[in-house]
Amino acid sequence: MALREITLRINDREYRGRAETRKTLADFIREDCALTGTHLGCEHGVCGACTILMNGEAVRSCLLFAVQAEGADLRTVEGLADGEHLHPIQQAFWESHALQCGFCTPGFLMTTLAFLRENPHPTDREIREALAGNLCRCTGYQNIVTAVAAAAEANLSQGWKVPEAKEVRREIRAGDSRDRRTQRAGIAKTKKRRTQRR
Amino acid sequence: MKPAPFEYFAPRSVGEAVHLLAEHGTEAKVLAGGQSLVPLMNMRLARPSVIVDINRIPGLDYITPGPMLRIGALCRQRTAEKSAEVGARCPLLRDALRLVGHTQIRNRGTVGGSIAHADPAAELTAVLAALGGEVMVQGPKGARAIAASDFFVTYLTTSLASDELLTEVRFPAPPPGAGWSWMEIARRHGDFALVGVGAVLALRDGVIAEARIALTGVGPTPVRAQDAERLLVGQAPSEGLWEEAGAAVRASLEPDGDIHASPEYRTHVAAVLTCRALREALTRVREAS
Amino acid sequence: MKLEGTNTLPASVNTVWKTINDPEALRRCTPGLKELKEVAPDTYEARLEIGVAAVKGAYTGRLAITDKRPPTHYIITLEGSGGPGFMKGQGTVDLEREGDATLVRWVGDIQIGGLIAGVGQRMIGGIGKMLIGQFFKCLEQTLGGAAPAGGGGPRAGGDAAGSGEVG
């Protein structure tokens with residue numbers, strides 16, 4: 001089938017690619033835009049791992065064709081953090097241990113973002129209902145609910161909007177076990193050791 | 001899990017869309033919300049060779065109040081759910097909409113698309129049947145209205161011809177002072193209903209003047225419980241009457257079983273939900289007066 | 001999945017027996033059957049395109065008739081596989097005279113697997129019954145044109161409405 005030129009606006013940047021009309025938005029985002037934070041769990045609209053924001057609304061990117069998203073304002077999980085600074089929702093997920101393997105997390109983050117914008121003071125029940133369209137196989141959901149409640153609290157106390165206040169974040173210190181660079185160095189060291197043993 | 005190749009068109013008018021459907025016939029499928037069609041395509045259970053994407057057609061996403069609430073084909077389920085007009089004039093529709101899938105589905109899914117897709121366990125088709133609504137469709141020879149009772153043929157099949165486009169769904173407003181209720185049982189929040197019941201009750205001088213009951217999940221199309229409705233009209237409301245109506249519903253159904261629910265379970269739940277829905281509808285009648 | 005039902009066909013037992021063994025009638029009345037090629041006595045290779053609305057699939061397989069006890073009993077087996085999944089159905093068919101008409105009792109045991117069985121689970125039973133219903137409706141129309149054995153007498157009425165239950 002003929003390839004079509006597709007231009008998308010994602011996280012305030014323009015991405016251009018060529019794809020068949022049957023290419024889903026999720027696949028285009030992942031392959032043509034190299035934004036692999038959006039995940040594919042089921043490809044039939046049930047698991048929510050592919051959830052992104054389209055014109056501010058949470059949608060299943062696996063159920064849209066890339067051509068359909070032309071002209072829309074898209075936001076993926078890559079558009080949450082501000083450089084090194086986590087978005088308050090990401091922060092809350094981290095602090096509440098709301099992710100284990102992390103596969104479902106981007107979908108939950110985007111759903112939560114849209115949800116809290118619309119309902120900044122949700123009850124526990126409202127949170128659970130809002131998250132019902134995202135499946136997680138690791139956590140058992142409790143920590144995710146806690147994280148969303150915590151993010152809502154952060155909203156109340158800090159008054160964040162998206163793009164949000166920069167005060168709410170944890171400083172990443174060198175040598176900190178949470179320090180990405182240290183972790184990566186640690187992994188590289190282990191790999192090197194393993195290869196040498198062979 | 002990728003769809004088979006197709007030719008893609010994004011017409012900018014209803015006329016253009018109808019022209020495309022007429023040209024390609026059964027090889028073409030209309031793409032509106034895509035929340036039912038695209039999963040089928042991703043799994044290659046449906047392989048239309050032509051897709052007519054109607055999302056670029058302006059002027060189809062309206063909600064117009066009146067003696068019939070008129071909802072354009074591209075009105076998103078979420079828009080209808082949050083609409084003050086729908087809440088005020090057709091609260092049964094609003095209550096049912098809240099249980100259609102999840103927010104993410106409703107952000108794209110359309111009211112018209114759900115009706116045209118005619119899933120046997122859909123909520124909106126039962127609401128249309130309960131209220132005795134109709135759909136407007138546009139074909140090469142012009143527009144026509146199709147009543148709900150003539151629209152749903154069987155599983156996923158409606159009386160839409162392959163060259164016709166559904167353009168509007170019309171929900172009659174219930175009589176003033178009427179009570180309503182949507183009751184549904186599903187395994188998980190957002191699932192298709194195992195059984196769903198929509199009920200509308202209007203009283204006059206203490207007796208039931210009008211009763212509407214429709215069920216989903218109990219047959220190939222939404223089912224109007226006409227035996228139960230006839231039983232109710234002219235009677236004074238009572239617990240015993242609700243149970244009689246529930247029994248009438250149970251007696252009239254012959255649902256299929258599957259791994260989700262046996263036929264016996266469905267008929268039992270249908271009777272129970274009918275009772276509960278009528279009870280809640282009556283409460284709302286009393287609240288309204 | 002077990003399905004069963006009864007249908008009344010407006011013809012004598014002998015005529016019905018001949019029809020349900022006739023590959024032409026089977027080809028015409030089996031929903032979605034595109035090709036039926038005899039490869040051995042009472043054994044055919046089949047090609048089907050079957051589905052509901054937009055959900056359609058192509059299947060290839062085999063149809064066989066066994067345990068023939070003319071003119072009242074046989075077992076018909078249809079199995080096929082294709083992209084959307086596979087199915088294997090075995091139907092036991094018994095004919096009974098009912099006046100000038102024939103009562104057909106069928107009991108089917110159907111296994112369906114693959115994608116269509118998983119995704120379509122909540123509709124498969126009903127759609128299966130619907131397709132079997134189409135089969136008998138077509139047979140009824142076929143037989144409606146056939147004169148009853150002996151000719152001349154009034155044609156039996158009898159509606160071909162079926163009743164089916166899933167066990």
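This note walks through a predicted model with chains A, B and C, starting with chain B and ending with single residues.

1. **Overall form of chain B.** Chain B has 289 residues and a radius of gyration of 19 Å; a compact globule of that length would come out near 19 Å, so the two agree. The C-alpha trace spans about 60 × 45 × 30 Å along its principal axes. Buried residues account for 56% of the chain.

2. **Content and contact range.** The secondary structure of chain B comes to twelve helices and 14 strands. Take the contacts in chain B between residues at least 6 apart: 64% of them join residues at least 24 apart.

3. **The four-stranded sheet.** In chain B, four strands form an open sheet, ordered β11-β12-β13-β14, with antiparallel pairing. Its edge strands are β11 and β14 (223-224) of chain B, and each of these pairs on one side only. Two helices pack on this sheet. Helix α8 (residues 123-131) of chain B touches β11, β12, β13 (207-216) and β14 of chain B, and its direction makes about 150 degrees with that of β13(B). Helix α12 (residues 263-288) of chain B touches β11, β12 and β13 of chain B, at about 35 degrees to the direction of β12(B).

4. **Strand β11 up close.** Seven bridges join β11(B) to strand β12 (residues 195-204) of chain B, and the two run antiparallel. B:I185 stands opposite B:V195 in β12(B). B:M183 has B:V197 in β12(B) as its bridge partner.

5. **Contact between chains A and B.** Here 23 residues of chain A meet 21 residues of chain B. On the chain A side, β4 (57-60) and α4 (124-130) of chain A are the elements that give two or more residues. β4(A) gives the most, with four residues. By class, the chain A side that touches chain B has nine nonpolar, eight polar and six charged residues.

6. **Contact between chains C and B.** This contact takes 17 residues from chain C and 20 residues from chain B. On the chain C side, the elements giving two or more residues are α3 (115-119) and α4 (121-144) of chain C. The most come from α4(C), with seven residues. By class, the side of chain C that touches chain B has twelve nonpolar, four polar and one charged residues.

7. **A:A66, a loop residue.** A:A66 sits in the loop between β4 and β5 (73-75) of chain A. Is A:A66 buried or exposed? A:A66 has 26 other C-beta atoms within 10 Å, and the threshold for burial is 20 or more, so A:A66 is buried. Leaving aside residues up to four places away in sequence, A:A66 touches A:I6, A:A19, A:K23, A:T24, A:L25 and A:F28.

8. **Backbone points to check.** Most residues other than glycine have a negative phi, and most peptide bonds are trans.
   - B:R44 has a positive phi, near 60 degrees. B:R44 lies in the loop between α2 (37-42) and β3 (50-53) of chain B. With 15 C-beta neighbours inside 10 Å, B:R44 counts as partly exposed.
   - B:L156 also has a positive phi, near 55 degrees. B:L156 is in the loop between β8 (152-154) and β9 (157-158) of chain B. B:L156 counts as buried, with 24 C-beta neighbours inside 10 Å.
   - C:P70 and C:P71 are joined by a cis peptide bond, with omega about -5 degrees. C:P71 belongs to the loop between β4 (55-69) and β5 (73-82) of chain C.

How values were computed. Residues are numbered from 1 along each chain as its sequence is written. Chains are lettered from A and ligands numbered from 1 in the order in which they are written. This is a predicted model: local features need pLDDT of at least 70, side-chain atom pairs count only at pLDDT 80 or more; totals for chains, interfaces and linings use all residues. Two residues are in contact if their C-beta atoms, placed from the backbone, lie within 7 Å. Ala, Val, Leu, Ile, Met, Phe, Trp, Tyr, Cys and Pro count as nonpolar, Asp, Glu, Lys and Arg as charged, and the others, Gly among them, as polar. A residue is buried if 20 or more other C-beta atoms lie within 10 Å of its own, exposed if 12 or fewer, and partly exposed in between; C-beta atoms are placed from the backbone. The radius of gyration is taken over C-alpha atoms; the globule rule is 2.2 Å times the number of residues to the power 0.38. Two strands pair if DSSP finds at least two bridges between them. Axes are lines fitted to C-alpha atoms, for helices over the stretch in contact, and angles run from 0 to 180 degrees between N-to-C directions.
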